[in-house]
Amino acid sequence: MRPPRELRPPVVRRFRDAAPDGRTVFFVHPGALAPTVYRALAGALPEGDGLTVLDLGAVPEYAEAALTGGRAATTVAGLAERLLAAVDPPRGPYTLAGWSFGGVLAVAMADALPAERRPVRLVLLDSIAPTEEYKQPDDALEPELLLDWFSMYLGAKRGRPVRLAPGALDGRSVDDGLPVVLDAAVASGALLPDTPLPGLRKLYDTYVDGLLRNNRLTAPHRAAPAPLPVVLVKAERSLVPGDDTLGWLPLAPHGLTVHLCPGDHYTMLDHPDAVDTIARLLRGA
């Protein structure tokens, strides 16, 4: 049963209001982690600038898909329209940003706006481009890759990095690999020693359904080129380490600049050096 509408978390989360002469950053959050991960970023922005987070995790048709097999009753265009209606971007200068799948939404939102309402800056955090090169069938997501990503996510969620030995997941199935992740998480303090494996499996399944949801939303989406230059901030330990541009080059006809920052895909907003870099790039300083 869905909770009453008034009890659902808000889509729009204002972390800091902009001064009259400041600029607001609107940040599309993919919802895997709590929106509170943006607190440090809000504090690192230049004085007078504001930060508003658009939380996809508060959109029911998106969030519930991670609990019901990964099939969302919406589209990328529908989500972009939903977020634009919630925030109603100002006519003055503002920055639009997106983290992970949120970057796909940020580009779709910028494209859907008339020229006079578009942002002056578009920044993507470790976001994979919705191009044919990266549109993969569900079964292309191999267990050892998913388990590695899950260990990163688990470490970020618990505030303790889960470090796996090189090759620890090579060739392993989910059933064989989850005990390896559990042992590493217990050793790092991310999980208690008596954490049951079935409980970890439930968390893993929900995590994977969230990935499948994003994969299935991206598959039919035909992304238009970004209508302004794209700034991509890539984590040192990205989900796709082998491509510096994460596939955005063909979708950035007005220019693409790439910056590296410390941390992995899920912790890049926790690392002080990364937060300072991101704050500077959001403003264009």
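**Exercise 1. Find which residues line the largest cavity, and sort them by class.**

Step 1. Start with the lining: F26, L54, L84, V87, P89, Y94, L96, M109 and L113. A cavity here is a set of points on a 1 Å grid over the protein atoms alone where a 1.4 Å probe fits but cannot get out, and lining residues have an atom within 4 Å of a point.

Step 2. Look for the elements that give two or more residues to this lining: they are α3 (76–87) and β4 (94–99). Helices (H or I, at least four residues) and strands (E, at least two) are DSSP runs, numbered from the N terminus.

Step 3. Sort by class: 9 nonpolar, no polar and no charged residues. Ala, Val, Leu, Ile, Met, Phe, Trp, Tyr, Cys and Pro count as nonpolar, Asp, Glu, Lys and Arg as charged, and the others, Gly among them, as polar.

A word on the model: it's predicted, so local features need pLDDT of at least 70 and side-chain atom pairs 80 or more, while totals for chains, interfaces and linings use all residues. Residues are numbered from 1 along each chain as its sequence is written, and side-chain values use heavy atoms, leaving out hydrogens and water.

**Exercise 2. Work out how helices α6 and α7 cross.**

Step 1. The axes of α6 (residues 174–188) and α7 (residues 197–218), lines fitted to C-alpha atoms over the stretch in contact, come within 10 Å and cross at roughly 105 degrees, on a scale from 0 to 180 degrees between N-to-C directions.

Step 2. The pair is therefore roughly perpendicular, a label for 65 to 115 degrees.

Step 3. Now pick out the contact (heavy atoms within 4.5 Å): V174, D175, L178, P179 and L182 of α6 meet L197, L200, R201 and Y204 of α7. That gives 7 nonpolar, no polar and 2 charged residues.

Methods. Angles under 35 degrees count as roughly parallel, over 145 as roughly antiparallel, 65 to 115 as roughly perpendicular and the rest as oblique. On a 1 Å grid over the protein atoms alone, a cavity is a set of points where a 1.4 Å probe fits but cannot get out, and a pocket is an open set with protein on both sides within 12 Å along at least five of seven lines; lining residues have an atom within 4 Å of a point.
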